[in-house]
Amino acid sequence: MRITNLLEIKSVTCTKQERCLFESLSFFLGAGEILQIEGPNGAGKTSLLRIIAGFARPDEGEIFFDTKPISQYYDEFAAQLLFIGHKSGVNGQLSAYENVCHWLQVHGYKVDEQAYELLSKLGLVGLEDAPVRTLSAGQQRRVALVRLWLNDAKLWVLDEPFTALDKKGVILLQGQFAKHLAKGGSILLTTHQDLTTHFDALKTLVLEYQF
Amino acid sequence: MMNHSYWQLFISVYKKDVTLAFRQRSEIVNPLLFFLIVITLFPLAIGPEPALLTRMAPGIIWVAALLSTMLGLDKLFRDDFNDGSLEQLIASPYPLPLSVLAKVLAHWTTTGLPMVLMAPVFALLMNLEAQALSATVLTLLIGTPLLSFIGAIGAGLTVGLQKGGILMSLLVLPLYIPVLIFATSAIDTSSMSLAYGGQLAILGAMLAIACVCAPIAISSALKVSVN
Amino acid sequence: MWKWLHPYAKAERAYQLCNTLLPYFAVITLVCLVIGWVWGLAYAPADYQQKDSYRIIFIHVPSAILSMGAYSSMAIAAIIALVWQIRNAELAVISIAPVGAAMTAIALLTGAAWGKPMWGAWWVWDARLTSELILLFLYFGVLSLYHAFEDKKSAGRAACILAVVGVINLPIIHFSVEWWNTLHQGSTITKFDTSAIDPSMLWPLLINIVAFAGFVGLVTLIRLKNEIIQHEKHRPWVRELVGRGE
C-alpha cells in the first residue's frame, strides 16, 4: 500500500546566529508514520520542529501539508496540527483543569467531562484544581500532554515529549502514539531516549552538529 | 457553528487574562496606586495653589494615565510568551488578531477601566470643576482602550527581548502623543464650559481605527517575537 | 502569499544594482553640494531682514525635507519587506534609518541655531519643531528595536513593523501637533513661506535639496551594500568578491 504524503519538507535551510544548522533538508512523512529526529544538542532539532510548526520561517525551502504550502494555508494546517513544544503552554497560575479547558476552547474543541476523567487517568487525581505551579515538573508535563487524548489533529509535532516523565508516563504516552498512528495520524518528535515500544512505521532522521 | 467557535475563543482568552489578573490582585491595584502616587507628586513639586492645579490637572492626570498603562503592558504577553501559551494561540486554527483583541480588551478591563472608575477621585484631588470631571471620565473611557491598543503593539514587538520594558516605553510613548493632545484639550475646553464633542469624536475615530488595525499589527509583531 | 519574482529580491543582484547606482549618486551629490553651497553661502543675496544668518536655510530646509523623505522611503521599503517578504527591503529599511535620523538631528540643530538669533530662544514649541522632534523619536525607536534583537532576521522584521506603524501614525501626530500648536500658541512665529522666496535664493535651495537627496541615497546605498555583505557573508558569491579583494 502506498502511503500518502501528509507532510513534505522540501529543501529547507536554516541558519541561526551565523551558523548553518541544516542545508537543503528534505523528507516526507506519510499518514500513519512516526518520525524520530535525533541529534546532539545544538544540532537544530527544535529549530526544525518550529519551522515545521510554522513559527519560524526557513531561510530557504518550503513545508507542504497535504500538498499545500503551510505559509499560505496556515489556518488549514493549524487545524490539523498539534504542537507541544519545549515550553508546553501551561499556565502556572491556573489549575490543571482550567488549563485543559482553555486549550480546548482556543483550538475549537468542545469542553466536556472527558477532560476531568483524563486528568485522573494521567495520574493527576485530586490535583485537578490545584494551581499547576504547585505540581512537580513531571505532573506539569502531564497536564500539557493531556491534549494528546483530546484532539483530532492529523499531525503531532512534539519536542522532547518524554522530558520529566516517569517510566509509567512514557509507556502511557507511547500507547497513545500507537492509537494515533493506527487512526492514520502522523507523529514527528525529537527525543534523546529511544522509544521503548516498537513501532512498525518508525523512521529516524539524524541531524549532525554542523560548524 | 464556526461563529460560535470564534466567540468561544474570544471569551476563553478574555476570561483567562481577567481571571489571572483577579487572582493576583496586585496587577489591578498596583497601577492604580502608581497613578495616585504620581498625581500626589505634582502638587508637592509645583505647589498646592488650587488655581495652578486646576490649570495643570488635565495634563497631570493624562500623563499619569499614560505611565500607569505602560506598567501593565510589559506583562501583557510576557507570561504567555514564557510558558508557551503564545505558540498555542498562533497554532490555533482561529485568526490570531481575534485572540489578540481579546487580550487587549482584558488588559483594558484590568488596568484602564479601574482608572476610569477612579477618575472622579483624581479629578477632585486636582481641584477640577464638576463639568471638567465628566470630561475627564469620558476622555479616559475612550482614551484608555486606545492606549492599550497602541501599547500592545510595542509589547508585542519587545516580548521576545530579555529587557524589553524600557525599550517598549521608548517605542510606545511617541505614539501616545495624539491621544494626550486631544484628551487634555477636551478637559481644558470643558473647564471653560465649552463644547468638547469634537475632541471626543477624534478620540473615538482613533479608537475605531486602532480597533481594526492594531490587532493585525500586534499579531505580526507577536509572530516575529515567537520566531 | 503571492511572491513577487523581482530579480532584485536576490541579494547578489541587489548588490550589483547598488554598485551600478553608486557612482551616479556620488557625482550628483558632489556636484550639487559644491554648486549649492558656494552659490547659497557666498553668492546668493543677503536677506533684507535676517541679513546673512538666513543662509542656514540652505542646510536646514534640505535636511528637514529629507528627514521626512527618508522616513517615507523607509516605510515604503518596510511595506515591501512585509508584504512580499523580501529580505533586501528589510536591509534597506535598516540602511535608511540612521541616515534619516541624522537628517532629522541636523534639521533640529540648525533649526535651534537659527531660532536663537531670530526668535531669541534655542527652542520654541513650534508645531514643526515638535513634529520633527517626534520624528526623531520614531527613528530612534526603529533603530533601538533593531539593535535590541540578537537574531537579525527577527530584528529586521520587527523594525519593519514598527516603521509601518510609525508611518500610519505620523500624519495623525503631525495633525494633532499642528492643531495643539494653534490652540495653545497662536501665530507668534511668522511662517516661512517658500513660495515668496526670491529666485536668486530659490535656485541654490533647490540644488541643495537635490544634493541632500543624493547624499541620503549615496550613504544608504553604501550602508545597504555593507548590510548585504554582512548577511550573505557565507555565500559563495561574497567569498568570491572578498577573495578578489574588491
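Here are some questions and answers about this predicted model.

User: What percentage of the residues in chain A is buried?

Analyst: Here a residue is buried if 20 or more other C-beta atoms lie within 10 Å of its own. Applied to the 211 residues of chain A, that gives a buried part of 41%.

User: In what order do the 5 strands of the open sheet in chain A lie, and which strands are at its edges?

Analyst: The 5 strands of this open sheet in chain A pair in parallel, in the order E6-E7-E8-E3-E9. From one strand to the next, the twist averages 15°.

User: Which residue of E7(A) is the bridge partner of A:Leu82?

Analyst: E6(A) runs parallel to strand E7 (residues 155-159) of chain A, and 4 bridges join them. For A:Leu82, the bridge partner in E7(A) is A:Trp156.

User: Which strands does helix H1 of chain A touch, and what angle does its direction make with that of E8(A)?

Analyst: Helix H1 (residues 45-52) of chain A packs on the sheet. The strands of chain A that helix H1 touches are E3 (34-38), E7 and E8 (186-190). Between the directions of H1 and E8(A), the angle is about 150°.

User: Which element gives the largest share of the side of chain A that touches chain B?

Analyst: In this pairing, 22 residues of chain A are in contact with 21 residues of chain B. The elements of chain A that give two or more residues to that side are helix H2 (74-79), E6 and helix H3 (96-106). With 4 residues, the largest share comes from H3(A).

User: How far apart are the end C-alpha atoms of residues 91-113 of chain C?

Analyst: An unreviewed UniProt entry lists residues 91-113 of chain C among those for "transmembrane region". In the model this span is 100% helix and 0% strand. Its end C-alpha atoms lie apart by 34 Å.

Conventions:
Residues numbered from 1 in each chain as written. Chains lettered and ligands numbered in written order. Predicted model: local features only at pLDDT ≥ 70, side-chain atom pairs only at ≥ 80, totals over all residues. Buried ≥ 20, exposed ≤ 12 C-beta atoms within 10 Å, placed from the backbone. Pairing = 2+ DSSP bridges. Axes fitted to C-alpha atoms, helices over the stretch in contact; angles between N-to-C directions. Contact = placed C-beta atoms within 7 Å. UniProt positions renumbered as here; feature names shortened; annotations may be inferred.
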